[in-house]
Structure formats: structure tokens, C-alpha cells
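Subject: Structure handover

Hello,

Here is the structure for you to look at. Please open it first and keep it on screen while you read my notes.

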Amino acid sequence: MDSAWDMLRFFETEPTARKYLARCYQNENRENPDRLAFQQSTRFLYLWRQARLLYSTAAKADLSIQPLLLFYGCTCLLKGMLITRDPAYPQNSRVLQHGVTTRKVKRSPYVLTEDEVRPQKEGFFSHLAQRFHLTPLRDRYHVHDLFVSLAEMSDIYAHFTDQHPQWVPLELSFVGTEKGKGASFAAVPYCHITFPVTAEGPLAYSSDTFIQYIRRFAPAAISLEMTDQGTGQGKRLILPQFALSQLEQHPLFYHRDHKLFFWNGSTEFLPLPQWASHYLLLYLLGMLCRYETEWWGEMTMSHSMSERYIIERFLAHHMSIFPSLVVKQIPSLYVHF
């Protein structure tokens with residue numbers, strides 16, 4: 001399982017959970033952070049524990065019930081993530097609802113990638129979207145688009161659909177650069193990001209248009225410089241190495257385990273954050289388990305349906321990565337202790 005669980009185990013005791021939450025609320029300038037942390041600490045620690053148990057059970061479970069266990073485990077993780085920013089959660093019973101919906105009676109013949117999930121105006125997902133600045137949400141998300149939005153499954157899903165991957169892997173190199181005059185030639189590590197040459201998507205833009213496109217969505221703290229390596233050599237982005245982690249907040253980039261991807265897909269609809277796409281996909285798969293038992297049973301009990309391949313790969317990918325996605329969204333543990 002994801003090594004992030006080792007860190008999350010730290011939250012499973014009341015003193016450490018309370019101290020961590022108090023620092024979270026203090027950093028957000030909440031009134032009475034210690035009292036708020038005391039009120040939430042028990043819920044907070046049990047959410048992480050329940051999530052861990054659900055994931056460990058799911059890892060051993062049959063495919064026929066795996067999505068149900070993972071959906072509720074995923075929900076527990078996201079609730080823990082939410083509490084680090086929202087000391088009042090749950091404010092009312094409405095935010096306890098899933099906050100998304102899908103057609104319970106599917107059209108026949110059913111095609112998984114043609115289905116859709118619709119966010120609702122109220123509920124858990126819309127509340128998360130507001131707290132983590134995902135608004136405005138689209139009226140509906142097609143399953144195909146949700147799978148496409150998963151960077152580390154990009155090649156797998158492209159093979160499944162016979163389409164080009166929308167996430168493109170980038171080449172990283174690290175160099176030392178002299179910083180200013182009189183700096184005693186102190187080398188400051190910089191990162192060079194090399195983009196591949198392609199005639200499709202934003203990567204086909206001119207260097208000036210491309211850097212403007214990237215800067216439009218960039219966090220304000222990042223300083224970006226673009227160079228053109230010459231005809232046929234592609235583009236290169238230069239930034240301080242410490243700013244590489246800030247690209248995790250950039251919707252056009254995905255960074256994990258020293259791998260960096262760039263979104264070369266639609267400029268009209270940018271991908272959701274990975275954790276949001278995972279939640280929506282697991283919700284749909286859980287609904288298929290419960291309400292489309294004939295289709296789901298045939299899919300899991302036989303090897304005659306191609307959907308089984310992409311579902312199994314997604315569930316395995318989810319278990320391997322999702323806790324670390326959540327860890328990236330919460331204040332650093334090491335800042336607080």
C-alpha cells in the first residue's frame with residue numbers, strides 16, 4: 001500500500017491529532033483554534049483509521065466488491081482532508097450526502113466510458129469543491145474525460161481507447177546557476193523542463209504563446225522563463241528547483257516521484273485535480289456494483305468484457321496513489337511537529 005499511510009498513522013492518536021489540527025486552524029487565523037481542534041480531534045483520528053482499514057480490506061477483496069470498499073475509504077480520506085480546512089464540518093446533514101449523482105438505470109447496451117457523473121449543488125463533493133477552489137464545476141463529467149484526466153494512467157487508457165495520451169511525460173534536468181553579482185558564485189539549483197515536439201495541442205504553440213498559456217494558470221509565486229532550443233528541438237522551461245513542487249498546484253502539470261507530466265489536451269476544459277477524478281470514478285463504479293448487478297457480475301466473473309482491464313488497472317492505481325494525493329492537499333505534518 002502507499003507509503004503515505006505511514007505518515008497518516010500519526011493522526012490516529014488523540015493528542016497528535018488535536019495538536020496538528022490546532023496548528024492548522026491557527027495558521028488560518030481561526031478564533032479559538034485549540035477549542036476547535038479539541039472538538040474535531042476524535043472524528044479526525046477515526047476517519048484516518050477507518051480509511052486505512054477499508055483500504056487494507058479492499059486490497060484483499062474480490063473485484064466484485066472492491067469499488068464499494070475503496071469508495072468509502074476514499075470518502076474517509078477526503079473528509080479528513082476537509083477537516084484540516086473546515087473546523088465546522090459537518091455543518092448540516094446536507095454535506096453528508098455524496099454530492100454527485102448518476103443514472104441508476106443504465107441504457108442497454110451499457111458502455112462504461114460513455115456514462116457520466118453529475119455534481120449536485122449541495123453535498124460532500126460540492127462542499128469539497130468550494131473549500132479547495134474547484135469551482136465552477138461543470139454540469140457533468142463524462143467517464144471518458146475522467147479517465148483521460150489521470151496522468152499516470154494516460155498511456156494505459158490511450159492504449160485501451162486507441163487514442164493519443166493527453167498527458168505528456170516531460171524531461172527533467174537539474175543544474176546549478178550563479179545567482180546575481182557578488183553572490184560568491186553560490187550555485188542555486190535550477191530545473192530545466194524540456195517539452196517534446198508535437199504538432200498537436202498547446203505544445204504546438206509558438207514559444208511566446210505557450211509561455212503565456214502556462215502563466216495564465218500558474219500560481220503567483222512561480223517565476224517561469226521559456227527558451228526555444230531551435231527548430232525541431234522543442235521548448236524548455238526554466239525555474240528554481242524549489243518551485244518544482246509548486247507546479248503541483250498548476251492544473252497543466254502533474255508531478256509525482258520525480259516524474260512530471262504536461263496536459264496537452266483540451267484548453268477549454270482543464271482536468272480536475274487527480275483526487276477529484278478518483279472520487280467521481282469510484283462513486284460511479286460503486287453504483288454499478290449496487291444497481292447494475294447483472295452487468296457488473298458479468299464483467300467481474302468473466303473475461304469477455306474489455307472494461308474489466310481498465311477497471312482493474314484503475315483500482316490498483318487508486319490504491320497505490322490516492323493516500324499520497326491527499327497528503328499533498330493537507331498542511332505538512334513536519335511544519336507542525
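How many residues has helix H3, and how far does H3 reach from its first C-alpha to its last? H3 covers residues 33-60, has 28 residues and reaches 40 Å, close to the 40 Å expected at 1.5 Å a residue. The expected span is 1.5 Å times one less than the number of residues. Helices (H or I, at least four residues) and strands (E, at least two) are DSSP runs, numbered from the N terminus.

Some ground rules before the rest. This is a predicted model, where local features need pLDDT of at least 70 and side-chain atom pairs count only at pLDDT 80 or more, while totals for chains, interfaces and linings use all residues. Residues are numbered from 1 along each chain as its sequence is written, and side-chain values use heavy atoms, with hydrogens and water left out.

H3 bends by about 45° at glutamine 40. The bend is the angle between axes fitted to the seven residues ending at a residue and the seven starting there.

Helix H2 takes in residues 14-27. Its 14 residues should span 20 Å at 1.5 Å a residue, and its end C-alpha atoms are 20 Å apart, which agrees. The buried residues of H2 are Thr16, Ala17, Tyr20, Leu21, Ala22, Cys24 and Tyr25. Buried means under 20% relative accessible area, exposed means over 50%, and partly exposed is in between (1.4 Å probe, protein chains only).

Asparagine 29 follows H2, and its phi is positive, near 60°. Asparagine 32 lies in the loop between H2 and H3. Asparagine 32 is partly exposed, because its relative accessible area is 43%. Asparagine 32 and alanine 22 are 10 residues apart in sequence; C-alpha to C-alpha, they are 8.7 Å apart in space.

**Tyrosine 55**

Tyrosine 55 is found in H3. Is it buried or exposed? Tyrosine 55 has 0% relative accessibility, so it counts as buried. Its side chain makes a polar contact of 2.7 Å with the side chain of histidine 318. A polar contact is a pair of N or O atoms within 3.5 Å; within protein, one must be able to donate a hydrogen and the other to accept it, and residues adjacent in sequence count only if both atoms are side-chain atoms. The side chain of tyrosine 55 also reaches the backbone nitrogen of cysteine 74, at 3.4 Å. Leucine 69 is 14 residues from tyrosine 55 in sequence and 7.0 Å from it in space, C-alpha to C-alpha.

**The sheet E1-E2-E3**

Strands of a sheet pair through backbone hydrogen bonds, either parallel or antiparallel. Here 3 strands form an open sheet in the order E1-E2-E3, with antiparallel pairing. E1 and E3 are the edge strands, and each pairs on one side only. Two strands pair if DSSP finds at least two bridges between them.

E1 and E2 are joined by 2 bridges. Threonine 101 has arginine 118 in E2 as its bridge partner. Valine 100 stands opposite proline 119 in E2. E2 and E3 (residues 141-142) are also joined by 2 bridges. There, valine 117 has tyrosine 141 in E3 as its bridge partner.

**Lysine 106**

Where does lysine 106 lie? It is in the loop between E1 (100-101) and E2 (116-119). Lysine 106 counts as buried, because its relative accessibility is 12%. Its side chain and that of threonine 102 are joined by a polar contact of 3.0 Å. The lysine 106 side chain also reaches the backbone oxygen of arginine 103 at 2.6 Å. Neighbours within four places in sequence aside, lysine 106 is in contact (heavy atoms within 4.5 Å) with Asp115, Leu284, Leu288 and Glu292.

**The sheet E4-E10-E9**

Another open sheet has 3 strands in the order E4-E10-E9, and its pairing is antiparallel. Its edge strands are E4 (167-169) and E9 (253-256), each pairing on one side only.

E10 covers residues 259-263 and pairs with E9 over 4 bridges. E4 and E10 pair over 3 bridges. Valine 168 stands opposite phenylalanine 262 in E10, and phenylalanine 253 also stands opposite phenylalanine 262. Tyrosine 254 has phenylalanine 261 as its bridge partner in E10.

E9 and E10 form a hairpin with 2 residues between them. Aspartate 257 in the turn has a positive phi of about 50°. In E10, 4 of the 5 residues are buried, so E10 is largely enclosed by the rest of the structure.

Best wishes
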